[in-house]
Amino acid sequence: MNNYTVTRSSMPSFEEYIEEIKPLWETRWLTNRGIKHEHFREALLEYLKVDNVQLFCNGHQALESALLSLNLPEGSEVITTPFTFASTTFSIIRAGLTPVFCDIDPMDFTIDAKLIESLITEKTKAIVPVHVYGNICNIEEIEQIAKKHDLKVVYDAAHAFGESYKGAGIGSFGDASMFSFHATKVFHTIEGGAVCYKDDLFGKNLRNIQNFGIEAEDVITCVGGNAKMNEFQAAMGICNLRHLDDSIRKRKRASELYRSKLSEVKGIRLNSLNSFVKSNYAYFPIVIAEEETGISRDLMKERLHEQHINTRKYFFPAINSLPFIDKHCSRGNTPVAEAISNAVLTLPLYEDLTEEDVCFICDNIIRIIENGK
Ligand SMILES: *Cc1c(COP(=O)(O)O)cnc(C)c1O
């Protein structure tokens with residue numbers, strides 16, 4: 001019997017990766033922005049259609065470094081969403097800033113742009129929206145609000161790599177965007193991340209914060225950390241980038257099949273898709289309406305697990321419901337995020353998931369609902 005994991009890392013062939021890392025035994029240059037790092041960075045500039053990008057050891061450090069590079073006064077308020085991975089909120093707090101939680105749109109689960117203005121105070125300095133499950137935030141409205149109130153915008157685009165909006169690369173919006181290249185993401189460098197940005201001074205800060213504040217030989221300019229990407233990570237990125245489009249195509253097929261099989265099932269709600277977005281099909285979430293199915297999200301997860309189908313409560317818990325969060329900020333009022341995070345389940349999705357696999361998983365979901373009534 002098959003065992004279905006939620007994600008399965010894409011990998012190049014063994015030979016392709018070995019070929020890519022072979023020169024490192026000659027150069028003995030393993031990190032500190034070496035040849036592979038530069039080669040990968042240039043490939044990304046082209047793929048993402050952006051002017052500037054810097055590479056990081058992981059996505060979290062990339063986001064935290066980006067927020068530090070804005071040089072905002074300590075304790076500045078940052079409007080963000082609680083429907084995300086812990087990293088988004090934690091990077092704000094760890095950068096010495098205060099998260100202010102805004103509720104999400106019930107259709108696409110991204111930050112509800114209509115509510116942002118009501119949360120702005122004189123301490124608000126930035127917005128950190130998150131692109132969710134292959135959907136893109138309401139970019140136009142967010143840019144407008146940011147302009148009107150002179151706020152910085154840093155997108156958590158952690159799982160949006162490879163997407164575009166109205167033909168523009170997803171890294172080209174806001175003041176900066178962060179991508180995660182973690183092994184579970186659509187595109188990965190084992191661990192890794194990147195920040196795309198517009199402003200040169202921001203870029204200089206970002207480089208310094210990434211490498212102990214070292215600006216040049218004998219010149220240290222700030223209290224930086226260490227968040228550089230090494231050569232083996234970059235080599236994995238170079239290889240995986242060659243296969244990314246093909247990988248997204250396969251995910252698209254599986255996602256569309258899921259959608260067609262599940263969209264008419266009573267009590268199962270799917271997120272809406274934006275026709276201007278070219279998605280990367282990162283996740284396939286379903287929202288289970290217990291009052292219609294008679295089955296709770298947790299029971300559905302358990303029953304699927306009995307069939308060796310693993311799913312993930314992603315994102316759960318909503319970050320503003322964590323027991324210790326009120327030591328750092330207010331929980332805010334976010335009933336939609338709470339409801340979705342209590343009812344959402346992401347299904348297995350990876351490039352080599354076959355049509356039969358998707359049918360098997362959907363048939364089980366439908367059967368569990370029928371038996372549960
Ligand atoms: C994965 C992820 C991160 C963190 O990235 P890492 O590379 O794992 O550090 C941050 N935000 C979101 C929304 C993510 O999905």
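What percentage of contacts in the protein between residues at least 6 apart in sequence join residues at least 24 apart? The share is 71%, where contact means heavy atoms within 4.5 Å.

## Model and conventions

This is a predicted model, in which local features need pLDDT of at least 70, side-chain atom pairs count only at pLDDT 80 or more, and totals for chains, interfaces and linings use all residues. Residues are numbered from 1 along each chain as its sequence is written, and side-chain values use heavy atoms, with hydrogens and water left out.

## Overall fold

The protein has 13 helices and 15 strands, assigned as DSSP runs (helices: H or I, at least four residues; strands: E, at least two) and numbered from the N terminus. Its radius of gyration is 21 Å, close to the 21 Å from the globule rule for 373 residues, so the protein is as compact as a globular protein of that length. The radius is taken over C-alpha atoms, and the rule is 2.2 Å times the number of residues to the power 0.38.

Of the 373 residues, 55% are buried, meaning under 20% relative accessible area with a 1.4 Å probe, protein chains only. Along the principal axes, the C-alpha atoms fill a box of roughly 70 × 55 × 40 Å.

## Surroundings of Ser341

Ser341 belongs to helix H12 (residues 335–341) and is buried, with a relative accessible area of 2%. Leaving aside neighbours within four places in sequence, Ser341 is in contact with Phe83, Arg297, Phe315, Phe316, Pro317 and Ala318.

Ala318 is 23 residues from Ser341 in sequence, with a C-alpha to C-alpha separation of 6.0 Å. A polar atom of the Ser341 side chain lies 3.5 Å from the backbone nitrogen of Ala318.

Definitions and conventions: Buried < 20%, exposed > 50% of the residue type's maximum accessible area, 1.4 Å probe, protein only. Polar contact = N/O pair within 3.5 Å; in protein donor to acceptor, adjacent residues only side chain to side chain.
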